[in-house]
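Please read this report with the model open beside you, and locate each residue as it is named.

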Amino acid sequence: MKPAHIGRKISRIRELRGIKQETLAQELGVSQQTVSRIEASEAVEEDILAKVAKILGVQPEAIKNFSEEAVFNIIGNNYHDHSSSLNYQCTFNPLDKLMEVIEENKKLYERLLQSEREKVEILRER
């Protein structure tokens with residue numbers, strides 16, 4: 001069996017969440033190139049994986065167990081046949097996760113807005 005490519009899974013989850021590498025890098029306190037290297041890595045250190053997972057709003061195990069086929073099956077089954085039951089057992093309340101993500105995005109937006117305000121203030125002082 002082919003080993004899981006954790007970096008690729010991080011990349012796909014990040015893309016599905018609509019988060020850019022630059023944003024993930026800023027949240028991690030690293031460069032965009034470092035995020036690119038992480039996403040190109042087959043294995044990722046547990047502490048880094050935990051930090052990335054928190055930023056992406058998922059558990060580290062969700063990254064390790066991520067499967068695009070499962071995502072497409074869930075989406076496909078829900079789209080084509082609303083009456084079919086899925087063998088997908090959610091271990092969290094999706095609404096709670098959604099609210100967490102909204103709050104995280106709100107905090108990120110506020111930080112970015114504050115950063116822009118600081119830049120404008122610096123430019124005005126010149």
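Leaving aside neighbours within four places in sequence, L24 is in contact with R14, I19, V35, E39, V52 and I55, where contact means heavy atoms within 4.5 Å. L24 lies in helix α2, and helices here are DSSP runs of H or I with at least four residues, while strands are runs of E with at least two, both numbered from the N terminus. Because its relative accessibility is 1%, L24 counts as buried; the term buried means under 20% relative accessible area, exposed means over 50%, and partly exposed lies in between, using a 1.4 Å probe and protein chains only.

The model is predicted, so local features need pLDDT of at least 70 and side-chain atom pairs count only at pLDDT 80 or more, whereas totals for chains, interfaces and linings use all residues. Residues are numbered from 1 along each chain as its sequence is written, and side-chain values use heavy atoms, with hydrogens and water left out.

**The chain as a whole**

The protein chain has seven helices and zero strands, and from the N terminus on its elements run α-α-α-α-α-α-α. Of its 126 residues, 24% count as buried. Among contacts between residues at least 6 apart in sequence, 65% join residues at least 24 apart.

Which residues of α2 are buried? They are Q21, L24 and A25, and seen down the axis of α2 they fall within an arc of 100°, so they line one face of the helix. The arc is that of the directions from the helix axis to the C-beta atoms. An α-helix has 3.6 residues a turn, so residues three or four places apart point the same way. The buried residues of α2 pack against α1, α3 and α4. After α2 comes G29, whose phi is positive, near 80°.

In helix α3, which spans residues 32-40, the buried residues are V35, I38 and E39. These cover an arc of only 95° around the axis, which puts them on the same side of α3. The face turned away from that buried side carries the exposed residues R37 and A40. The buried residues of α3 pack against α1 (6-16), α2 and α4.

**The largest nonpolar core**

A nonpolar core is a set of buried Ala, Val, Leu, Ile, Met, Phe, Trp, Tyr and Cys residues joined through side-chain atoms within 4.5 Å. The largest such core holds 17 residues, of which I10, L56 and I63 touch the most other members. To this core α1, α2, α3 and α4 each supply at least two residues, and the largest share, five residues, comes from α4. In soluble globular proteins, nonpolar side chains tend to be buried together. Not counting residues up to four places away in sequence, L56 touches I10, I13, R14, R17, I19 and I63.

**Two loop residues**

G18 is found in the loop between α1 and α2, and because its relative accessibility is 64%, G18 counts as exposed. Q59 has its place in the loop between α4 and α5 (60-64), and because its relative accessibility is 47%, Q59 counts as partly exposed. Leaving aside neighbours within four places in sequence, Q59 is in contact with A53 and K97.

| Pair | Apart in sequence | C-alpha to C-alpha distance |
|---|---|---|
| G18 and L56 | 38 residues | 9.7 Å |
| L24 and V35 | 11 residues | 7.3 Å |
| Q59 and L49 | 10 residues | 9.2 Å |

**The second largest pocket**

On a 1 Å grid over the protein atoms alone, a pocket is an open set of points with protein on both sides within 12 Å along at least five of seven lines, and its lining residues have an atom within 4 Å of a point. About 390 Å³ of space lies in the second largest pocket, a volume being the space filled by probe spheres set on the points.

This pocket is lined by 15 residues, of which E27, I55, E104, N105 and L108 lie nearest its centre. At least two lining residues come from each of α2 (21-28), α4 (46-56) and α7 (94-125), and α7 gives the most, with six residues. By class, the lining has five nonpolar, three polar and seven charged residues; Ala, Val, Leu, Ile, Met, Phe, Trp, Tyr, Cys and Pro count as nonpolar, Asp, Glu, Lys and Arg as charged, and the others, Gly among them, as polar.

Key: 1 Å grid on protein atoms, 1.4 Å probe; cavity = no way out; pocket = protein on both sides within 12 Å on 5 of 7 lines; lining within 4 Å.
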